[in-house]
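Please read it alongside the sequence and the coordinates.

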Amino acid sequence: MTVDIGWTGLVLAFVLVAVAIALSWWQRLALERSLVWASVRALVQLLLVGVALRFVLDADGSIAWAWVWVLLMIVFASFTVRVRAREVPGLWPLAIASFGAAAVVSLGVLFGLGVFALEARTLIPMAGLVVGNSMAATVLVSRRVFEELRDKRDEVEARLALGASSADAARPYVRAALRTALIPQIEATKAVGLVFLPGAMTGLILAGVDPLDAVQVQVAVMYLILGSVATTTVVIALGVSRRLFTTDHRLVRIDRPAA
Amino acid sequence: MTVVAGPSGSGKSTLLRLCNRLERPSSGRIWFRGVEIDELDPMALRRRVGMVFQRPTPFGGTVIENLRVADPEIDEPAAGALLTRVGLDATFIGRAAHELSSGEAQRLCLARTLATDPEVLLMDEPTSSVDSRSRAVLEDLARELAVGGVAVVWVTHDMRQLRRLADNVVVMVGGRIAHTGPPESVERDASAAVRAFVAESEGGDE
């Protein structure tokens, strides 16, 4: 029942890239080189990952290498977050902490309650879902908290001047940032199935699994993503907010980027 | 009531912000009632040393929700009474704070600060962006509070306001205190810096 397209199938699928290239050439989009580069890069990257995964999964049932993989994933994702929200100070350690917290919470629940059996084959994809899906929300929320506290400095200081702690003074702005980051995730969860078939389910159905079994896995995955996004964003929002105050409840000076 | 005057950029606001610890001094020390303020809990200090800022800073939500940031326990009659003190009608309670005019918002900010029952009131050019009626309300209430025993420190760069309000005057120029004394002594000060400030300020249009 399994699907195996083989190398021939892969080469034939490349015909679709050729279609895209032809269209780009016909409409003079000048995107031919980018199309080739992106397609080749995706192929090479995924092949490397596939080879590495095969090695990790074959490692005589030991999942030590899988944990190393998860760790590297978290470090790399945190680095990406830091690069994409460069203006926010001290973001790298905060991002590592938030991805770490999400991994502990969501993997702890899924494996701890025995929803999935803990093995290299389940650990790596699950951790990948946690980190991969939280990345965009993490970037969004850390920038949002930073900008809110910078742009509403007058209000924040007025709250401090009324005797609020830095956590209390920041709370309305942190809350607004978190809502902005979480609402799209909730909307996507609501629309699932109606608009598009999510990746995990598509993959399972293609691989010959019964659709209802695929749905069960997919729903568990969606809950995993929701839980992870909530955890990472809350940790990073509180972390960024904390970094912008001194221990004696003053808001630090935030220089605006030169306009 | 002490009025702190001086040209813009002379450090008046910084002086106020040092008093409620929104800034910390790079050198020197500040005492409040015999205790160095570094030894006081900053949150407790700020409730005793209230501040109204130059630009009105209404928070999101209704007027009473704004007052509840300062005093979570405040009930509607007490909130109405506070509003009346700043010349706003008690029916303002349910209005959205962001929809108030600049002058109304600034009076709400003063009411909000008074909800913490401060012993010292720092007023950082509170009338620079408000209508004349709001200005009169803020000035009168500040005078009344000063008479009632609240230490009021009012920052301005307007000589006429200084004469209306001050019992004592501190003139700052270039980050330093250039003059202290009763209001009528300011114009007699012979130093070039103070005379330049007075001359420029009298030409002001408030």
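E4(B) and E5(B) pair in the parallel sense over four bridges, where pairing requires that DSSP finds at least two bridges between two strands. Helices (H or I, at least four residues) and strands (E, at least two) are DSSP runs numbered from the N terminus. This is a predicted model: local features need pLDDT of at least 70, side-chain atom pairs count only at pLDDT 80 or more, and totals for chains, interfaces and linings use all residues. Residues are numbered from 1 along each chain as its sequence is written, while chains are lettered from A and ligands numbered from 1 in the order in which they are written.

**Strands of chain B**

- B:Val49 has B:Val120 as its bridge partner in E5(B), and B:Val120 in turn has B:Ala151 as its bridge partner in E6(B).
- Five bridges join E5(B) to strand E6 (residues 151-156) of chain B, again in the parallel sense.
- Between E5(B) and E6(B) the chain passes through helix H6 (residues 132-147) of chain B, a right-handed β-α-β crossover (with the strands pointing away from the viewer, the path from the first strand over the helix to the second runs clockwise).

**Nonpolar core**

- The largest nonpolar core has 112 residues; such a core is a set of buried Ala, Val, Leu, Ile, Met, Phe, Trp, Tyr and Cys residues joined through C-beta atoms within 7 Å.
- The members that touch the most others are A:Ala127, A:Val145, B:Val3, B:Ala111, B:Met123, B:Trp154 and B:Val171.
- Helix H5 (residues 120-151) of chain A gives the most to this core, with 13 residues.
- Not counting residues up to four places away in sequence, B:Ala111 touches B:Leu67, B:Leu82, B:Leu83, B:Arg85 and B:Val86.

**Contact between the chains**

- On the chain B side, 19 residues are in contact with 14 residues of chain A (C-beta atoms, placed from the backbone, within 7 Å).
- Helix H2 (42-48), strand E4 (49-52), helix H3 (63-70) and helix H5 (102-114) of chain B each give two or more residues to that side, and H2(B) gives the most, with four residues.
- This side of chain B divides into eight nonpolar, six polar and five charged residues (Ala, Val, Leu, Ile, Met, Phe, Trp, Tyr, Cys and Pro count as nonpolar, Asp, Glu, Lys and Arg as charged, and the others, Gly among them, as polar).

**Domains of chain A**

- Chain A is divided into domain 1 (1-58) and domain 2 (62-243), with bounds from an automatic or database domain assignment.
- The centres of domain 1 and domain 2 of chain A, taken over C-alpha atoms, are separated by 29 Å.
- Six residues from domain 1 of chain A and nine residues from domain 2 of chain A make the contact.
- The domain 1 side has five nonpolar, one polar and no charged residues.

**Single residues**

- B:Leu100 lies in the loop between helix H4 (76-85) and H5 of chain B and is buried, with 20 other C-beta atoms within 10 Å.
- A:Arg28 is not a glycine, yet has a positive phi of about 50 degrees; A:Arg28 counts as exposed, with 7 C-beta neighbours inside 10 Å.

How values were computed
A residue is buried if 20 or more other C-beta atoms lie within 10 Å of its own, exposed if 12 or fewer, and partly exposed in between; C-beta atoms are placed from the backbone. Two residues are in contact if their C-beta atoms, placed from the backbone, lie within 7 Å.
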